[in-house]
Amino acid sequence: MYGDPATIGRILDELGDTWAVVGLSANQERAAYGVAQVLQRYGKRIVPVHPKAETVHGEQGYASLEEIPFPVDVVDVFVNSELAGPVADQAAAVGAKAVWFQLGVVDEDAYARTREAGLEMVMDRCPAIEINARR
């Protein structure tokens with residue numbers, strides 16, 4: 001349900017190529033850094049979202065989703081489960097088409113709210129793993 005193959009396919013192939021990666025910083029030791037690199041390799045534009053607003057992989061960072069001055073298609077969430085729900089709500093508020101909670105990030109209430117708001121959603125999956133498996 002949370003990782004429906006059809007939903008994964010729509011998000012990766014049809015919903016757009018601008019991915020806001022929440023929790024992405026210049027720390028190369030963090031999983032978000034490598035996942036963002038994989039997304040770029042497959043033609044996705046990544047937008048780092050982190051309180052430090054660092055430039056990562058050549059892309060300007062922003063402190064919050066609300067600060068991004070252009071539309072984003074997918075919000076990829078690399079924060080712990082307790083903080084993920086508000087990020088999903090922000091994604092809906094800024095007009096994203098989909099939310100992707102990374103491996104280990106689970107919030108069933110946020111999943112329900114996000115789907116009710118009309119967004120696609122995947123939870124407890126990694127887009128880097130999924131995109132590599134599809135290519």
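Guide: What follows goes through the core and then turns to the charged pairs.

This is a predicted model, in which local features need pLDDT of at least 70 and side-chain atom pairs count only at pLDDT 80 or more, while totals for chains, interfaces and linings use all residues. Residues are numbered from 1 along each chain as its sequence is written, and side-chain values use heavy atoms, with hydrogens and water left out.

A nonpolar core here is a set of buried Ala, Val, Leu, Ile, Met, Phe, Trp, Tyr and Cys residues joined through side-chain atoms within 4.5 Å, where buried means under 20% relative accessible area, exposed over 50% and partly exposed in between, with a 1.4 Å probe and protein chains only. The largest such core has 24 residues, and the members that touch the most others are Ala20, Leu65, Ile68, Val75, Val77, Val99 and Phe101. At least two residues of this core come from each of strand E1 (18–22), strand E2 (45–49), strand E3 (74–77), helix H3 (81–93), strand E4 (98–101) and helix H4 (108–116); these elements are DSSP runs numbered from the N terminus, helices being H or I with at least four residues and strands E with at least two. Helix H3 gives the largest share, four residues. In general, nonpolar side chains in soluble globular proteins tend to be buried together.

Val75 shows the packing in detail: beyond its neighbours within four places in sequence, Val75 is in contact (heavy atoms within 4.5 Å) with residues including Ala20, Val22, Leu65, Val87, Ala91 and Val99. A second, separate core of 23 residues has Ile11, Val35, Ala98 and Ala128 among its members.

As for charged pairs, the structure holds six salt bridges, each a side-chain nitrogen of Lys or Arg within 4 Å of a carboxyl oxygen of Asp or Glu. In one of them, Lys44 meets Asp17 at 3.0 Å, N to O. Lys44 sits in the loop between helix H2 (31–41) and E2, and Asp17 in the loop between helix H1 (5–13) and E1, so this pair ties together parts that are 27 residues apart in sequence. Lys44 counts as buried at 6% relative accessibility, whereas Asp17 is partly exposed at 42%. Another salt bridge joins Arg115 and Glu120, with their closest N and O atoms 3.8 Å apart; through shared partners, Arg10, Arg115 and Glu120 form one network.
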